[in-house]
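Here is a short briefing on how the parts of a protein model meet. Look at the structure first, then work through the points below.

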Amino acid sequence: MNVFVTCKFCPDLDRMKQSDFVVQEEMGVDTHFLPNILNCYDESSLELSLRFGETVKNLEKTAFTIGPKTSEQVLDSLLALGFEHAVRVATEYDVRFRPETIAATICNYLHDHPQDLLVLGREAPLGNNAATAQLVASYLNLPLISAVVDFSYRDESSISVTFQHEGSLYRQEVSLPCVFSMENATISKLRMPTLRQRMKAKNCTIEYAQLEQKDSSLFPLPIAMRIPNRRRLSSISQKKGKDAVYELFEKDLKKRLEEV
Amino acid sequence: MRLLFVLQIGKNDTVQKVRKQQRALAGLATEFSCDFDTVIVCDATCFEETSFIGDVFILGIKILNPKTIAGEIVRFLKDKPYQGILIGEDTFANDIAVLLAYEKQLQCITNVIDLQRIGNSFTFTRFAYSNNIYVDFQVRKPFVVSVRTLSSSKTKVEGIRGNYTYLESKTNTDAIRGQEIVLSNDEIVQKEVLFACGMGIRKREDIQKIRTFAQTHGFSFGVTRPVAMRGWASISEIIGVSGTIFSPKICVTIGVSGSAAFYVGIENSECIVTINTDESATIISQSDRVIIDSYENVLDHLLTQFSQTTHE
């Protein structure tokens with residue numbers, strides 16, 4: 001059995017204040033000064049795949065990313081952690097709002113390297129298109145399980161998958177091959193490789209694949225970007241502790257709660 | 001021009017919630033001078049006929065899967081000339097929109113938060129950059145979009161009685177061999193007051209104290225993503241883009257920094273009250289009332305005041 005996991009390294013936008021966001025002429029935001037982190041859904045996908053590998057004999061794991069050379073640091077870590085393949089698609093092309101190009105690139109690789117289980121994150125910055133897993137499932141005509149939070153081995157031809165729908169958790173038995181769109185998994189942190197693991201993997205090499213450019217026929221490109229105005233009254237109490245709470249209720253909350 | 005709304009009644013959704021969604025979309029259709037039909041995806045055995053307006057098609061499904069639902073809608077769409085399909089807010093809304101876009105070759109935008117029609121042209125707005133930036137897209141007809149956080153529209157549509165048709169589910173679900181419910185979250189019903197806890201809360205017991213208070217007083221409770229990832233709250237308690245979107249009258253944030261991904265979940269609150277030690281935190285300017293103090297100095301007084309006021 002083999003599992004294919006996509007991952008994306010994106011700027012840690014939580015470190016930027018709303019007031020620091022400036023839309024540039026070419027419809028982008030300068031984020032070069034931010035550290036890159038693994039997209040949270042992808043981090044869960046990678047860790048769950050490693051755990052899955054501990055329960056399945058001869059599971060071949062592939063990590064796949066489209067991104068700059070700096071992504072290779074994390075791919076090296078994934079090789080050390082036990083991924084048999086780490087693949088990078090280098091691109092200077094702006095794919096932020098081109099989910100069809102991203103999905104076609106993934107499918108192009110999968111054409112030559114067929115997989116049993118494809119694990120993709122629900123969405124990722126900067127584009128937040130929330131469309132890649134669905135397009136991959138459509139292009140390859142595979143079943144799609146969405147909002148996945150966990151999965152486990154069942155037998156050679158099927159897998160047990162847990163997903164959430166409107167806050168409730170469901171479990172289904174699904175035939176392979178299939179595509180998972182990962183959501184908030186309980187297992188959310190990717191383990192770190194030990195020095196010994198890194199040494200052992202030092203001869204493992206990153207593989208490269210080509211970008212498959214595709215017209216944006218279904219997903220139009222943006223025509224404008226703007227910063228949302230989220231400013232509110234922001235009335236700061238000059239008091240502290242009990243006095244501040246009393247003032248808050250007298251001035252505002254008492255009346256609102258009466259309406260409730 | 002005719003639009004199709006696709007709405008889903010999940011296990012924990014009330015019919016009233018979905019009815020409200022339909023009224024909001026119907027108001028929008030009226031503003032756009034469009035007619036509309038509605039497909040409601042649900043377990044047909046629990047459907048109540050009295051609540052909806054216009055032509056309503058009930059699609060009963062047993063296996064919960066976006067591809068199955070999209071397949072049924074593709075079958076329903078045969079020979080029907082809809083110029084736009086709007087998928088109402090639901091866990092699978094984006095999935096269904098993209099799958100329909102591919103099957104029917106429609107232009108598609110996911111997570112739409114605003115819609116404008118100028119003449120024959122439609123402009124849809126959604127977030128990008130993890131909810132920090134609004135992005136506008138011009139879309140040609142026919143289109144499919146998944147709509148997020150559209151709780152009401154300016155135009156009220158009342159009094160058009162529903163005309164119901166029941167559809168038979170025929171899509172092959174062979175790939176899915178069985179389904180069971182693992183955890184039923186019946187506590188998702190939204191209340192008028194929400195308590196939101198962030199990483200500024202230093203003790204697990206304090207999170208539990210606020211959760212218990214909220215539950216016993218009939219308020220909603222939630223946390224930021226990092227609190228859930230720390231293991232101090234369940235995944236289903238996350239507020240924001242990767243969790244639940246709330247629209248309470250009063251939202252109290254405690255120790256929350258105010259990341260955009262979180263803020264989307266409380267943005268529709270009528271009044272946001274914030275307790276935080278950091279005057280420069282993003283959440284401060286995005287709140288109505290702010291107490292700059294350690295939550296430990298404030299929490300007990302705050303809970304007592306809430307308790308007293310709601311029991312008066």
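Chain B is assigned two domains: domain 1 covers 2-167 and domain 2 covers 185-310. The model is predicted. Two interfaces are described here. One lies between domain 1 of chain B and domain 2 of chain B, which bury about 770 Å² between them. The other lies between chain A and chain B, where the buried area is about 8400 Å².

**Between the two domains of chain B**

- The C-alpha centres of domain 1 of chain B and domain 2 of chain B are 30 Å apart.
- Nine residues of domain 1 of chain B touch ten residues of domain 2 of chain B.
- Of the area buried between these two domains of chain B, 54% is on carbon and sulfur atoms.
- On the side of domain 1 of chain B that touches domain 2 of chain B, one residue is nonpolar, five are polar and three are charged.
- How many salt bridges does the rule find across the interface of domain 1 of chain B and domain 2 of chain B? The count is zero.
- The rule also finds zero residue pairs in polar contact across this domain interface, with both residues required to be at pLDDT 80 or more.

**Between chain A and chain B: size and make-up**

- Chain A brings 90 residues to the contact, and chain B brings 102 residues.
- Carbon and sulfur atoms give 56% of the area buried between chain A and chain B.
- Which residues of chain A lose the most area to chain B? They are A:E166, A:R230 and A:R232, together 10% of what that side buries.

- Six salt bridges are found across the interface of chain A and chain B.
- In a salt bridge, the side chain of A:R232 meets that of B:D288, at 2.8 Å from N to O.
- The rule finds 54 residue pairs in polar contact across the interface of chain A and chain B, both residues at pLDDT 80 or more.

**Elements on the chain A side**

- Several elements of chain A give two or more residues to the side that touches chain B, among them helix 1 (40-53), strand 8 (158-165) and helix 6 (241-259).
- Helix 6 of chain A gives the most, with 13 residues.
- The side of chain A that touches chain B divides into 44 nonpolar, 26 polar and 20 charged residues.

- Strand 12 of chain A is joined to strand 8 (residues 133-139) of chain B by four bridges.
- Do these two strands run parallel or antiparallel? They run antiparallel.
- A:M225 stands opposite B:V135, which is in strand 8 of chain B.

Technical notes
Residues are numbered from 1 along each chain as its sequence is written. Chains are lettered from A and ligands numbered from 1 in the order in which they are written. This is a predicted model: local features need pLDDT of at least 70, side-chain atom pairs count only at pLDDT 80 or more; totals for chains, interfaces and linings use all residues. Side-chain values use heavy atoms; hydrogens and water are left out. Domain bounds come from an automatic or database domain assignment. Contact means heavy atoms within 4.5 Å. Buried area is the accessible area (1.4 Å probe) that two parts lose on being put together, summed over both. A salt bridge is a side-chain nitrogen of Lys or Arg within 4 Å of a carboxyl oxygen of Asp or Glu. A polar contact is a pair of N or O atoms within 3.5 Å; within protein, one must be able to donate a hydrogen and the other to accept it, and residues adjacent in sequence count only if both atoms are side-chain atoms. Ala, Val, Leu, Ile, Met, Phe, Trp, Tyr, Cys and Pro count as nonpolar, Asp, Glu, Lys and Arg as charged, and the others, Gly among them, as polar. Two strands pair if DSSP finds at least two bridges between them.
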